[in-house]
Each structure stands twice: as structure tokens, then as C-alpha cells.
Amino acid sequence: MSASGHVRRHARFALLLLALAQTACAQRTGPDVPAPLVASGDAVLHWNQPAVRANCPDRAGYLWVQPVEGPACIRYFASDDIEGARIAIVQFSGDRDSVMDQAPTRIPENTEALRTLDAQRSRDRAGVPWIFVARPGTYGSSGDHRKRRQPVEFHALDAALDALMARHKLQRIVIVGHSGGATAGAALLTMGRTRIACAVLTSGAFGLLERARLLGRSKDGLTDTTGSTQFYDPLDHVGGIARDASRRIVLIGNREDQNTPFALQQRFADAVAKAGHRIEIRTHAAEPPEFHDLTDRIGLRTASLCAREAMFPSQDRP
């Protein structure tokens with residue numbers, strides 16, 4: 001092994017030790033347990049913060065972008081082999097409103113080390129370079145997570161993907177997202193993104209106004225579940241999806257989903273198909289009682305297969 005290889009190996013081992021120690025601390029929470037200790041004030045990732053240029057250095061892990069609503073600093077956490085990748089998987093998390101008001105030290109996996117370790121583990125499972133992109137307001141990205149599913153969120157992510165692909169010379173990407181992350185992935189498709197080999201969208205939220213009404217969480221029948229009338233619903237913007245005969249779009253859900261109704265996922269799939277795009281919709285087992293979180297890591301597994309099919313078209317066909 002070369003000297004540089006030894007350095008990378010030792011660096012990854014040190015990262016693993018730090019991440020395991022932080023995980024052990026994070027798991028010891030509760031009313032009688034002190035907040036987990038961190039190495040320094042910079043070790044945790046801050047949430048729902050304004051965009052500050054001085055806090056967004058021009059280096060890997062940070063993207064300073066200028067969408068129409070104003071500047072944003074989007075954080076990303078990547079495996080160690082993304083440079084010049086023919087294909088990389090880009091993951092968006094689901095909504096994190098249940099933890100966003102907690103102290104940063106109590107939010108699970110809320111350090112750069114742990115998020116990077118998670119990306120590396122996902123890469124090792126998938127066999128494909130992996131990048132976790134933090135949605136605005138979460139895991140160190142600037143913005144307000146309360147404004148999720150609004151244009152301000154999706155425009156920032158769209159600009160961030162442009163910057164990410166240019167910085168690391170990525171040729172094509174596979175998008176994977178669950179729940180709110182699936183809605184984000186779908187929104188990016190409707191904004192005309194190209195060079196997407198595949199989009200894997202699990203338990204996504206579509207038909208946002210109708211969803212809020214069905215869940216009894218719409219104010220006067222006029223808002224989505226966040227209380228906003230300014231939401232961006234991918235179902236209303238299917239016409240913006242770029243033509244690409246080689247791209248796959250895969251929707252996966254559960255018919256008993258109590259959070260993101262499967263009928264609305266089907267409606268989105270039907271609209272995309274009617275517009276002339278290749279899309280598949282599948283069902284999969286999910287965790288009761290909400291039947292929202294799918295089992296078997298099906299989204300990540302499907303993204304991995306999709307990426308390998310794009311790299312080697314004659315292999316790994318599902």
C-alpha cells in the first residue's frame with residue numbers, strides 16, 4: 001500500500017473511533033442523563049440557522065449557493081471516492097421536525113464525523129460513491145426546516161446539486177429520498193434537472209393540500225401540513241421534468257401508509273407516465289402502525305441497483 005493509502009486508512013480508522021464514541025454518548029439520553037459531550041463547539045451541526053458566508057468555507061462539505069430567494073450554505077457528507085465519479089448516489093433525508101428544536105448534542109448522528117461515516121457505510125453497502133445532502137435547516141445547512149416543501153428549500157437544493165457536480169466533476173447522479181426527501185427529489189426532477197440516471201422515491205408526499213386535508217392537518221383546508229400556503233407540490237409541476245429516455249424513476253410505497261397516502265403517490269406516478277416519462281411504482285412491506293417507513297432498506301438497495309445498472313447496462317437488471 002502507498003504512503004497516501006496508509007494515511008487515508010489511518011484517517012478513516014480515527015474517524016471511526018470518534019464516531020463510535022459519539023454514538024455511545026448520543027444513545028445515553030433521558031431525563032437523568034446529562035447531554036452528550038462533544039469535542040468542541042464546532043463538533044455538532046447547527047440547525048435552522050441563517051446563511052453566513054464566513055461560516056461556509058470554500059472546501060469539501062460546504063456549498064455556498066445563490067438561489068433566487070437569497071444565499072444558502074448547504075452541507076454535504078460524502079464517501080471518500082466521489083471525485084470524478086461516473087455515477088454517485090445523492091441521498092436526502094426525510095423530515096426532521098420532531099428533533100429540530102432539540103439541543104444539537106441530542107440530535108442523533110448530528111456531527112460531521114457521524115454523517116461522513118454513515119455516507120461511507122452506505123457506499124460500502126452499495127458499491128457506489130455516496131453523498132448525503134442536508135436539506136435546508138438540518139444537519140448544518142442554513143435555512144429554516146419549518147419552510148420545508150416550499151420553493152426556498154427546493155431552489156437551494158437545486159443550486160447545491162449544480163455546485164456539487166461541478167466541484168467534484170460528477171458525470172451523473174442517482175437521487176434517493178424517503179418521505180420528505182422523496183418529495184425533494186421529485187421537486188428537483190420537476191425543475192428540469194438533467195444528468196439524473198435514476199430517482200428512487202420512497203413513501204413520498206404528493207398532492208400536498210389533499211394530503212393535509214386527509215390527515216386533518218390543514219388550516220381551513222388551505223394549507224399543507226406545515227401550515228403554509230406557499231408549498232411547492234411536485235404533482236403540480238410534472239410538465240417541468242426533462243426528457244430523458246435512459247432515466248428511471250422508481251416510486252416505492254405501502255398501500256396502508258398513514259402518513260403519505262399511497263393513492264397520492266399513485267396519482268403522481270400516473271401524471272409522470274402520462275407526460276411520457278418512464279416511471280415504475282411498487283409496493284413494499286413497512287413498519288406498523290403507520291406503515292410509512294419501509295423495511296429492508298429497500299430504497300437504498302434499489303438506488304444501488306439502479307446506479308450499477310446505469311454504469312453497466314447489461315448487468316444487475318431488477
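Author: Let's start with Glu290, which lies in the loop between strand 8 (279–283) and helix 7 (298–311). Helices (H or I, at least four residues) and strands (E, at least two) are DSSP runs, numbered from the N terminus. The model is predicted, so local features need pLDDT of at least 70 and side-chain atom pairs count only at pLDDT 80 or more, while totals for chains, interfaces and linings use all residues. Residues are numbered from 1 along each chain as its sequence is written, and side-chain values use heavy atoms, with hydrogens and water left out.

Reader: OK. How does Glu290 count in terms of accessibility?

Author: Glu290 counts as partly exposed because its relative accessibility is 42%. Buried means under 20% relative accessible area, exposed over 50%, and partly exposed in between (1.4 Å probe, protein chains only). The areas come from the Shrake-Rupley method with a 1.4 Å probe, and for residues only the protein chains shown count as cover.

Reader: Which residues gather with Glu290 in a patch on the surface?

Author: Glu287, Asp293 and Asp296 gather with Glu290 in a patch of negative charge. Patches are made of residues with over 30% relative accessible area and no salt bridge; like charges are joined within 9 Å, and nonpolar side chains (Val, Leu, Ile, Met, Phe, Trp, Tyr) within 5 Å. Asp and Glu count as negative, Lys and Arg as positive, and His and the chain ends are not counted. The place of a charge is taken as NZ of Lys, CZ of Arg, CG of Asp or CD of Glu.

Reader: What about the backbone of Asp296?

Author: Phi of Asp296 is near 65 degrees, a positive value in a residue other than glycine. Asp296 is found in the loop between strand 8 and helix 7 and counts as partly exposed, at 47% relative accessibility. Pro289 lies in that loop as well, and the peptide bond from Pro288 to Pro289 is cis, with omega near 5 degrees.

Reader: And what is phi of Lys169?

Author: Phi of Lys169 is near 55 degrees, again positive in a residue other than glycine. Lys169 sits in the loop between helix 3 (151–168) and strand 5 and is exposed, with a relative accessible area of 58%.

Reader: New topic, strand 5. How many of its residues are buried?

Author: Strand 5 (residues 172–178) has 5 of its 7 residues buried, so this strand is mostly covered.

Reader: Which strands does strand 5 pair with?

Author: Strand 3 (residues 87–92) pairs with strand 5 in the parallel sense over 6 bridges. Strand 6 (residues 196–202) pairs with strand 5 in the parallel sense too, over 6 bridges. Two strands pair if DSSP finds at least two bridges between them. Ile175 of strand 5 is the bridge partner of Val90, and Ile175 also stands opposite Ala199 in strand 6.

Reader: Where is Gln91, and is it buried or exposed?

Author: Gln91 is in strand 3 and counts as buried, at 15% relative accessibility. Gln91 and Leu300 are 209 residues apart in sequence, yet 8.8 Å apart in space, C-alpha to C-alpha.

Reader: How many salt bridges are there in the whole structure?

Author: A search finds 17. A salt bridge is a side-chain nitrogen of Lys or Arg within 4 Å of a carboxyl oxygen of Asp or Glu. Side chains of opposite charge can pair when their charged atoms come close.

Reader: What does Asp81 form a salt bridge with?

Author: The partner of Asp81 is Arg123, and the closest N and O atoms are 2.6 Å apart. Asp81 lies in the loop between strand 2 (72–78) and strand 3, and Arg123 in helix 2 (residues 112–126), so the pair ties together parts that are 42 residues apart in sequence. Asp81 is partly exposed at 26% relative accessibility, whereas Arg123 is buried at 19%.

Reader: And which residue does Glu309 form a salt bridge with?

Author: That is Arg248, with the closest N and O atoms 2.8 Å apart. Glu309 is in helix 7 and Arg248 in strand 7 (residues 248–253), so this pair ties together parts 61 residues apart in sequence. Glu309 is buried at 9% relative accessibility, and Arg248 is buried at 6%.

Reader: Which residues are linked in a network of salt bridges?

Author: Asp95, Asp97, Arg135, Arg148, Arg149 and Glu153 are linked that way.
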